Amino acid sequence: MDRIFLRGMAFSACHGVLSHERENPQRFVVDAELLLDLHEAGARDELAATANYAELYELVRAVVEGAPKRLIEALAEEIAARVLDVFPRVRAVRVTVHKPSAPIGGIYADVGVDIVRRRGR
């Protein structure tokens with residue numbers, strides 16, 4: 001399966017369980033990977049035969065900057081569901097949501113969730 005990906009999309013939003021997380025914007029970073037057949041797009045050299053990267057970015061931005069969620073798991077699920085809904089050529093999507101400023105005591109390099117969702121499941 002071929003892949004289209006956008007990595008490191010950064011947005012400011014108010015997702016979290018704690019009240020201060022829902023009041024003060026934090027940085028969220030999203031990676032999205034679409035699995036689809038790109039043969040036709042490569043052979044025809046036409047945007048209509050693939051998934052538009054700009055549309056993917058705007059979809060992710062709209063979800064992340066949209067209604068606050070308590071869990072980044074819910075954020076990842078909504079992004080994945082919307083990708084499968086909007087891009088009919090996509091057979092599966094992998095979404096990673098990073099929350100670099102998660103309110104965790106201690107030193108850590110990253111916090112996030114990574115999900116894979118397939119069409120028809």
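## A side chain reaching a backbone

Let's start with a detail: a polar atom in the side chain of Gln 26 lies 3.3 Å from the backbone oxygen of His 15. That is a polar contact, meaning a pair of N or O atoms within 3.5 Å; within protein, one must be able to donate a hydrogen and the other to accept it, and residues adjacent in sequence count only if both atoms are side-chain atoms. Before going on, know that this is a predicted model, where local features need pLDDT of at least 70 and side-chain atom pairs count only at pLDDT 80 or more, while totals for chains, interfaces and linings use all residues. Residues are numbered from 1 along each chain as its sequence is written, and side-chain values use heavy atoms, with hydrogens and water left out.

Back to Gln 26, which belongs to strand β2. With a relative accessible area of 11%, Gln 26 is buried (buried is under 20%, exposed is over 50%, and partly exposed is in between, using a 1.4 Å probe and protein chains only). Among the residues in contact with Gln 26, leaving aside neighbours within four places in sequence, are Phe 11, Glu 21 and Lys 99; contact here means heavy atoms within 4.5 Å. Cys 14 is twelve residues away along the chain, yet its C-alpha atom is separated from that of Gln 26 by 6.1 Å.

## The whole chain

Now step back. The protein chain has four helices and four strands, and along the sequence they follow the pattern β-α-β-α-α-α-β-β. Helices (H or I, at least four residues) and strands (E, at least two) are DSSP runs, numbered from the N terminus. The C-alpha trace spans about 50 × 25 × 25 Å along its principal axes.

Of the chain's 121 residues, 40% count as buried. The protein chain exposes about 7,000 Å², with carbon and sulfur atoms supplying 51% of that area; accessible areas come from the Shrake-Rupley method with a 1.4 Å probe, and for residues, only the protein chains shown count as cover. If you take contacts between residues at least 6 apart in sequence, 62% join residues at least 24 apart. On the charge side, there are 17 positive and 18 negative side chains, and the centres of the two sets lie 4 Å apart. Lys and Arg count as positive and Asp and Glu as negative, while His and the chain ends are not counted; each charge is placed at NZ of Lys, CZ of Arg, CG of Asp or CD of Glu.

## Strand β3 and its partners

Strand β3 covers residues 92-98, and six of its seven residues are buried. β3 pairs with β2 (residues 26-36) in the antiparallel sense, over seven bridges; two strands pair if DSSP finds at least two bridges between them. In this pairing, Asp 31 stands opposite Thr 96 of β3.

β3 also pairs with β4 (residues 112-118), again antiparallel and over seven bridges. Here the bridge partner of Val 97 is Val 113 in β4.

## Two buried residues

Strand β2 also holds Glu 33, which counts as buried at 14% relative accessibility. A polar contact of 2.2 Å joins the side chains of Glu 33 and Arg 3. Beyond residues up to four places away in sequence, Glu 33 touches several others, including Ile 4, Phe 5, Ala 92 and Arg 94.

Val 83 has its place in helix α4 (residues 72-86), and it is buried with a relative accessible area of 0%. Not counting residues up to four places away in sequence, Val 83 touches Leu 34, Leu 56, Leu 59, Val 90 and Val 93. Val 93 is ten residues from Val 83 along the chain, and their C-alpha atoms are separated by 7.3 Å.

## Out in the loops

Asp 45 is in the loop between α2 (39-44) and α3 (53-64). With a relative accessible area of 69%, Asp 45 is exposed. Asp 45 has a positive phi of about 60° although it is not a glycine. As background, most residues other than glycine have a negative phi.

Leu 18 is in the loop between β1 (2-13) and α1 (19-23), where it is partly exposed, with a relative accessible area of 38%. Leu 18 and Gly 42 are 24 residues apart in sequence, and their C-alpha atoms are 47 Å apart in space.
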